[in-house]
Amino acid sequence: MEERREDIELILKRRSLHVVLLCGLVFVVSIYLLFIQEKQRMSEEFDNMISDSLKIHTESDANKIGNDIENVKRAVKTAETIFRLSGSDEPREFLENRNAANPVYIVEYITMEEIGGDNGDVFLKLMNGEIVVDSMISDDQDEYFVVVFLPLRENDITTGAFYTRLCWADLLHEGVESEVYQGIQNAIITTEGDVIFNTFVKGGGGNIIDALASYNLTQTEIDRISYIIYSPDMDSAVFLRHGENYFVSSAPIRHNGWSLVSFVRGPDVLLRSANIFQNVLRTSIAAIIITAIAACIIFFQFLFGKRRLEQEKQLNYVHIQRFKAMFNQHSALMLVVDAETREIMDVNPATLNYFGYTRDEMVGHRAQEFNLLPTEIAAEKYRGAGLSGDVIFSAAPYRLKSGKIRLLDAYASAITEGERKLFYFILFDVTDKERYREEMLHEKELLRTTLQSIGDGVVTTDNMGIITGMNNVAEKLTDWDNESAIGRPFDDVFVLQNESTGHTVENPIQKVLETGLIIGLANHTELINRSGLCVPIADSAAPIKDEDGQTFGVVMVFRDVSEEKEHNKQVEFLSYNDFLTGLYNRRYVEEMMIYLDKEKYLPISVIMADVNGLKITNDVFGHKTGDTLLKSVGILLQECCEEKDLIARWGGDEFVVIMPYKSLEDAEKVVQKIKDTHVAIEGSNLSLSLSLGCACMNTTESSIHSALQQAEKYMYQQKLLDGKSYRNAIISTLLATLYEKSNETEEHSKRIETYCHAIGRKLHLSSKEMDELSLLALLHDIGKVSIDPNILKKPGPLTPEEWEEMKRHTQIGYRIAQSTPELSIIADLIIAHHERWDGKGYPRGLKGEEIPLACRIIAVTDAYDAMTNDRAYRAAKSCEDAIYELLQNAGTQFDPEITELFVQILRTECEMNKCTEFESIQEVGRNA
């Protein structure tokens with residue numbers, strides 16, 4: 001029995017040992033699994049911490065790069081502004097001086113031709129007046145730059161650009177070290193994934209998605225990294241590759257959609273004391289496992305309950321230490337308040353530093369001693385506080401020890417401590433925020449009052465072109481009320497068109513949103529309001545930008561310019577038009593002469609017109625009749641000229657017509673048309689009489705001004721022939737003296753004029769040349785007024801001395817004409833009218849075609865008339881004898897062609913009418 005009992009005890013001991021070992025093994029496995037789970041949790045927390053830190057680091061670097069680019073933009077804008085103010089025409093010389101004085105940002109100049117069409121996107125943006133931020137590579141492919149271009153515009157055309165550069169290598173540094181990492185690698189990525197610059201491969205290039213694929217990443221991992229780079233919702237992540245963690249983060253750079261992407265390997269994290277931590281953790285796990293096995297055996301044998309108690313105590317200690325570290329080391333203001341008594345139970349150092357009290361001066365005191373809210377309001381807030389951590393005090397006033405009052409937001413969560421309820425508070429100073437809010441409200445009210453007070457219409461839109469507000473003037477001009485207009489697209493309320501063509505005007509709001517520039521409406525723009533009325537307006541639209549220069553809306557200021565346009569029209573009309581006739585005035589003509597004085601308008605003909613007898617009309621019939629006379633002239637010129645011809649009142653009784661693309665022959669036709677038109681003067685039995693002269697500018701060697709002077713000269717020449725002209729009195733006086741002293745008669749002059757005109761029509765002479773013939777016919781012998789009358793009327797042949805005296809009359813006539821401005825135009829003709837075809841004439845001995853055509857015509861007609869009329873020294877010859885005499889001297893004394901032509905005219909006359917009456921010859925010549 002005893003042996004049996006001992007065997008049973010041995011078996012029980014062995015079984016107990018097996019049970020203990022089995023329990024220990026189960027316990028060890030449980031502990032190991034627990035530690036594995038804890039390690040995984042701590043690794044995740046570690047990864048999250050590194051990802052968050054890398055995210056902050058990347059955002060900071062991206063902001064710094066964006067700020068550096070903005071500084072460069074401001075430097076270029078400043079250089080451009082100073083250049084405009086300097087008035088310099090040499091941008092490179094200006095920049096050389098500027099860069100010497102301010103070498104921080106070197107600004108350079110480049111023309112649009114140097115940029116070239118190869119840089120398509122940059123070229124087009126600069127031509128549209130946009131500031132361009134781009135990335136460029138040096139010619140030797142060694143340096144990579146950020147380049148900022150600012151367009152230089154003249155008359156809305158970009159002629160060149162100021163630009164400056166930042167080296168990417170100065171903005172991104174290879175292997176940057178911080179307190180958290182070492183060996184951070186950076187890259188600048190476009191929206192398409194193209195690498196502009198990176199620090200891990202010199203210069204970079206290529207596409208980042210292709211580069212990731214070369215690392216044998218899975219498509220899922222590549223998609224995830226792509227999402228990090230391009231999605232605004234996720235900007236950092238960690239993934240495992242070849243046993244190592246890789247941390248990736250991305251942040252936008254406010255320019256061209258570029259992003260900054262940062263990479264760091266897990267082993268390069270200085271907090272990779274996590275590796276040490278992991279080693280320690282492994283060692284600790286091993287130690288704990290051994291200890292746990294021993295403790296398990298001891299626990300099952302002795303102190304199973306005590307072990308659990310120690311574990312709970314340790315866990316509580318860890319939690320307490322964490323809370324204390326968070327509470328005491330955090331910069332946020334934290335305090336614990338008894339929910340029932342409102343007594344402050346604990347405060348952190350940040351709160352003490354903020355309020356300026358010692359711990360004893362706050363702990364144990366009621367929170368109401370520092371919060372200045374009324375007691376009943378504070379109590380109501382405490383009753384409404386729950387577990388969610390919401391704000392229970394918003395912008396509540398608190399008094400500091402220094403006496404200052406600060407506004408704080410108080411976030412509270414209810415916690416329990418045994419049977420006691422506590423409030424855990426976190427406070428945030430919002431004094432400055434509230435002050436800014438009040439200032440913004442004040443500014444908003446001031447802006448609203450200002451907008452409603454100004455006399456111009458004001459409308460604002462968002463960055464989608466939707467109206468967000470209008471002032472009272474805008475409501476009145478558009479006939480839309482503010483409530484109906486807000487929320488509508490700009491085009492629905494503002495229907496704009498060109499008042500001349502009726503074509504729709506481009507939406508100025510959309511143009512501002514596209515260009516980011518201040519835009520003004522083109523002239524002649526009108527608004528069709530809600531009632532269908534057209535209101536001429538002038539306006540300007542400008543972008544509304546935030547501190548970062550991002551456009552988030554547009555403001556347009558416009559005004560009704562109806563009265564202004566009407567006034568301007570009147571002023572403009574009186575500036576360039578004659579108020580009496582409605583024609584253009586002299587000022588307009590002089591300005592247009594400069595504009596038309598170009599080769600493309602050739603030939604340009606000019607007609608000068610002078611009203612005969614205006615002064616006597618005013619004196620006899622009154623100025624009203626004189627005004628009517630001038631108006632009739634204006635109407636006559638408009639009827640006889642084409643619409644494209646420029647017709648103007650040049651002076652008191654002078655008018656001018658400038659006709660582009662018209663030759664002298666065209667002008668002659670218009671002159672003849674004017675002469676052939678009969679216009680009666682109202683209130684009298686007189687008819688309108690004009691003296692007309694015309695000239696033509698055929699080449700750029702002359703000018704319209706010289707053509708105008710020439711036409712004026714020809715006009716005065718005709719005015720001399722007009723019996724109604726005061727200038728005709730000069731000729732009448734000279735001719736009366738001539739007729740009195742010599743055998744010359746007025747009938748002789750008229751006959752010669754008739755003969756000359758008959759020949760002139762055969763030769764198709766211009767009106768100017770015909771007028772010269774008329775003057776020459778009347779005045780060719782005017783020099784005889786200074787010759788001895790006895791010589792002029794001597795019945796017999798002249799002695800040589802008397803003949804020499806007689807020949808002086810051509811030179812005397814020349815001097816008389818030269819001294820009389822009105823006759824100077826025929827002075828050269830008077831002195832040459834006794835020259836011979838064979839060169840034996842006087843006084844200069846001119847020969848052949850050296851003799852002016854008018855003088856050759858006068859020589860033939862004067863000789864014929866002298867032969868066919870009685871003279872003091874001989875009787876008249878017959879027509880046949882005179883013609884024979886002319887033919888005998890053709891080629892010696894007379895121009896043979898002119899002689900032959902004149903003889904044909906005379907023979908035709910004689911054959912048709914058997915007479916030599918001057919009127920008949922004139923009619924024959926006209927029919928020819």
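A crossing of two helices is called left-handed if the near helix is turned anticlockwise from the far one by less than a right angle, and right-handed if clockwise. Helices (H or I, at least four residues) and strands (E, at least two) are DSSP runs, numbered from the N terminus.

This is a predicted model, in which local features need pLDDT of at least 70 and side-chain atom pairs count only at pLDDT 80 or more, while totals for chains, interfaces and linings use all residues. Residues are numbered from 1 along each chain as its sequence is written, and side-chain values use heavy atoms, with hydrogens and water left out.

**The whole chain**

With everything displayed, the secondary structure of the protein comes to 33 helices and 25 strands. Of its 928 residues, 42% count as buried, where buried means under 20% relative accessible area, exposed over 50%, and partly exposed in between (1.4 Å probe, protein chains only). Among contacts (heavy atoms within 4.5 Å) between residues at least 6 apart in sequence, 54% join residues at least 24 apart.

**Helix 25 against helix 30**

Select residues 767–779, helix 25, together with residues 853–867, helix 30; their axes come within 10 Å and cross at roughly 50°. The axes are lines fitted to C-alpha atoms, for helices over the stretch in contact, and angles run from 0 to 180 degrees between N-to-C directions. Angles under 35 degrees count as roughly parallel, over 145 as roughly antiparallel, 65 to 115 as roughly perpendicular and the rest as oblique; helix 25 and helix 30 are therefore oblique to each other. The crossing of this pair is right-handed. To see the contact itself, show L773, L776 and A777 of helix 25 with A854, C855, I857 and I858 of helix 30. The residues of this contact divide into 7 nonpolar, no polar and no charged, where Ala, Val, Leu, Ile, Met, Phe, Trp, Tyr, Cys and Pro count as nonpolar, Asp, Glu, Lys and Arg as charged, and the others, Gly among them, as polar.

**The nonpolar cores**

A nonpolar core is a set of buried Ala, Val, Leu, Ile, Met, Phe, Trp, Tyr and Cys residues joined through side-chain atoms within 4.5 Å. Select L779, Y864, L886 and F902, which touch the most other members of the largest core, a set of 52 residues. Elements that give two or more residues to this core include helix 24 (746–762), helix 25, helix 31 (879–889) and helix 32 (896–913), and the largest share, 9 residues, comes from helix 30. A second, separate core of 29 residues includes Y109, L150, W258 and L260.

**G469 in strand 16**

Next, centre on G469 in strand 16 (residues 467–470), which counts as buried at 15% relative accessibility. Leaving aside neighbours within four places in sequence, G469 is in contact with V458, V459, T460, N482 and I486. The C-alpha atoms of G469 and A485, 16 residues apart along the chain, are separated by 7.7 Å.

**Backbone details in the loops**

From there, move to D479, in the loop between helix 13 (472–478) and helix 14 (482–485); D479 is not a glycine, yet has a positive phi of about 65°, and it counts as partly exposed at 37% relative accessibility. Y661, in the loop between strand 24 (654–660) and helix 21 (664–676), also has a positive phi, near 65°.

Finish with two cis peptide bonds. The bond from L602 to P603 is cis, with omega near -10°, and P603 is found in the loop between helix 18 (586–596) and strand 22 (604–611). The bond from Y842 to P843 is cis, with omega near 5°, and P843 lies in the loop between helix 29 and helix 30.
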